[in-house]
Amino acid sequence: MRAISLLFHDVYLDDPSESGFVSAAANRYKLTVADFDAQLAGVAAVHPEPPILAGSLEPGDAQDVATDTTSFAITVDDGGESYYTTVADRLERRGWRGHCFVTTDFIGGRGFLSRSQIRELAERGHVIGSHSASHPARFNRLPFPRIAAEWGRSRAALEDILGQRVDVASVPGGSYSSVVARAACDAGIRVVFTSEPVTRVGTSSGCVLVGRFTIRRGDANDLARRLVSPASGARACAWASWNAKGLVRPVLGRSYTSIADWLLATGPSDRVSQP
Ligand SMILES: [Zn+2]
């Protein structure tokens, strides 16, 4: 099947530092409440039906074009408190539920979801998943045992809170590789959301792989609507942009890595990280 998964981060009332990781890089992904509302309204204008959840995502090519164009999903990364204070209510008003991906080492920290909030969100029908334990930079460059430990520790923390199986995850920083998927699968994760802007639901190492389309601060307020529309030029643009970045990396080599390191460098807050 194909699915159009949207990737959001924190939503804030007055200040991006209210929720989630705090850095210039992280803040670029956060939306104001007004912008988030506008994006959701745009999606609802195209899709009055609720978004799908991870449990109904199956790999393979869809035979039915109608299925392709009616399936969308809402995902929110990082585990910032705004999922509880802002996002969940807004989804539920429409009868929708989303995926809340939690960076588990930060649970209970300032600006992050607490254990009781995570439990309540699950009870309200939201899918709670792992976004790694510590949100390492360049996750896919870590040695396999560290990647595996991140998935395993994070999943165990969520299962301890929820008392139920947790088998959905999203890749921190979009740092995906087939090794990341293998480690996730070994840790008991069944569905892995990446940040690659594709709609085809695939597989790797026995895991279901689902791409996502990111919505950032400064994007047009109708971007989500255009992304979930049939025959979307916005999806093609997102894919072209993603691939263009892939071409830049080998050319710049070490200097690109250094720039990335600088952008992600630890700042004055202990909540600094990449989104
Ligand atoms: Zn993240």
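Modeller: A donor is an N, O or S atom within 2.8 Å of the metal, and with that in mind we can look at this predicted model.

Colleague: What makes Asp78, His131 and His135 donors of the zinc ion?

Modeller: The OD atom of Asp78 and the NE2 atoms of His131 and His135 lie 2.1 Å from the zinc ion, and because the limit is 2.8 Å, these atoms count as its protein donors. Along the sequence the donor residues follow the spacing D-x52-H-x3-H. Asp78 sits in the loop between β4 (72-76) and α4 (82-93), while His131 sits in the loop between β6 (127-130) and α6 (144-162), so this pair ties together parts that are 53 residues apart in sequence.

Colleague: How do you know whether Asp78 is buried or exposed?

Modeller: Buried means under 20% relative accessible area, and Asp78 has 2%, so Asp78 is buried. His131, at 0% relative accessibility, counts as buried by that reasoning.

Colleague: Why is the pair of Phe8 and Phe36 called edge-to-face?

Modeller: Ring centres must lie within 6.5 Å for a pair, and planes over 60 degrees apart count as edge-to-face. The centres of Phe8 and Phe36 are 5.1 Å apart with 85° between the planes, which makes this aromatic pair edge-to-face. Phe8 belongs to strand β1 (residues 4-8) and Phe36 to helix α2 (residues 33-46), 28 residues apart, and the pair links these distant parts of the chain. Both Phe8 and Phe36 are buried.

Colleague: What makes β4 largely enclosed by the rest of the structure?

Modeller: In β4, 5 of the 5 residues are buried, so the strand is largely enclosed. Phe72, Ile74 and Val76 cover one side, and Ala73 and Thr75 the other, all of them buried.

Colleague: How do you know that β4 pairs with β1 and with β5?

Modeller: Two strands pair if there are at least two bridges between them. β1 and β4 share 5 bridges in the parallel sense, and β4 and β5 share 2, also parallel, so both cases meet the requirement. Thr75 is the bridge partner of Leu7, and His99 in β5 is a bridge partner of Thr75.

Technical notes: Residues are numbered from 1 along each chain as its sequence is written. This is a predicted model: local features need pLDDT of at least 70, side-chain atom pairs count only at pLDDT 80 or more; totals for chains, interfaces and linings use all residues. Side-chain values use heavy atoms; hydrogens and water are left out. Donors are N, O and S atoms within 2.8 Å of the metal (3.2 Å for Na, K and Ca); water is not among the atoms, so sites may look incomplete. Helices (H or I, at least four residues) and strands (E, at least two) are DSSP runs, numbered from the N terminus. Buried means under 20% relative accessible area, exposed over 50%, partly exposed in between (1.4 Å probe, protein chains only). Rings of Phe, Tyr and Trp (its six-membered ring) pair if their centres lie within 6.5 Å; planes under 30 degrees apart count as stacked, over 60 as edge-to-face and the rest as tilted.
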